[in-house]
Amino acid sequence: MAGDGEQFGPYKRVRRLGIGGMAETFLAVQRGTAGFEQRVCMKFILPGYRENADFRRLFLREASIAASLRHSNIVGVIDVDEAAGYLVLELVDGVDLRTLLNAAPNHRLSPAIASLVTIELCKALAFAHGRRRRGQLDGIVHRDLSPSNVLISYAGEVKLTDFGVGAHRTRD
């Protein structure tokens, strides 16, 4: 695929992980001094949207919202490059809930797995939606809770991602 192996600062793209309506994600490797190496996920604005100022503003808002949410059930933001139009995210080594459902018998999870995913997802949403700053609700609402935005690691972690259409109740 064109673009694989491309270098962006300390990040080198390895392969595409997925593509959505306005952005695509890649497995990448971050390299540093003394042999430091970390696998990460890079999310790029699709070429057709890179010059759209409104979309770039929304993309940066996603970065700002997601970076401010430090929680074990929310995918962490590592870096952002406004000029190049990408976010660097924590890599969740696993699958999204859509893939898991499609692979499950009759597209249904066992009650134990469904309960685990639900509980962990509720923790992420409760944190994001209920977070307070200076005594006031921050007003974050995810607004795109879908199986493709719920990641499940092979270690059993459940993480919510993609705050791209997230909103601040007091602003939107």
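Entry 1, the basis. I worked from a predicted model, in which local features need pLDDT of at least 70, side-chain atom pairs count only at pLDDT 80 or more, and totals for chains, interfaces and linings use all residues. Residues are numbered from 1 along each chain as its sequence is written, and side-chain values use heavy atoms, with hydrogens and water left out.

Entry 2, the sheet. I found an open sheet of 6 strands, ordered E1-E2-E3-E4-E6-E5 with antiparallel pairing; strands (E, at least two residues) and helices (H or I, at least four) are DSSP runs numbered from the N terminus, and two strands pair if DSSP finds at least two bridges between them. Strands E1 (7-8) and E5 (77-81) stand at the edges with a single partner strand each, so one side of each has no neighbour in the sheet. Between E2 (residues 11-19) and E3 (residues 23-31), which run antiparallel, I noted 7 bridges, and arginine 16 has phenylalanine 26 in E3 as its bridge partner.

Helix H1 (residues 53-68) packs on this sheet, touching E4 (37-45), E5 and E6 (86-90), where contact means heavy atoms within 4.5 Å.

A nonpolar core is a set of buried Ala, Val, Leu, Ile, Met, Phe, Trp, Tyr and Cys residues joined through side-chain atoms within 4.5 Å, buried being under 20% relative accessible area (1.4 Å probe, protein chains only). The largest has 17 residues, with Leu69 and Phe163 having the most contacts inside it, and its largest share, 5 residues, comes from H3. A second, separate core of 12 residues includes Ile45, Ala63, Leu87 and Val92.

Key. Axes fitted to C-alpha atoms, helices over the stretch in contact; angles between N-to-C directions. Buried < 20%, exposed > 50% of the residue type's maximum accessible area, 1.4 Å probe, protein only.
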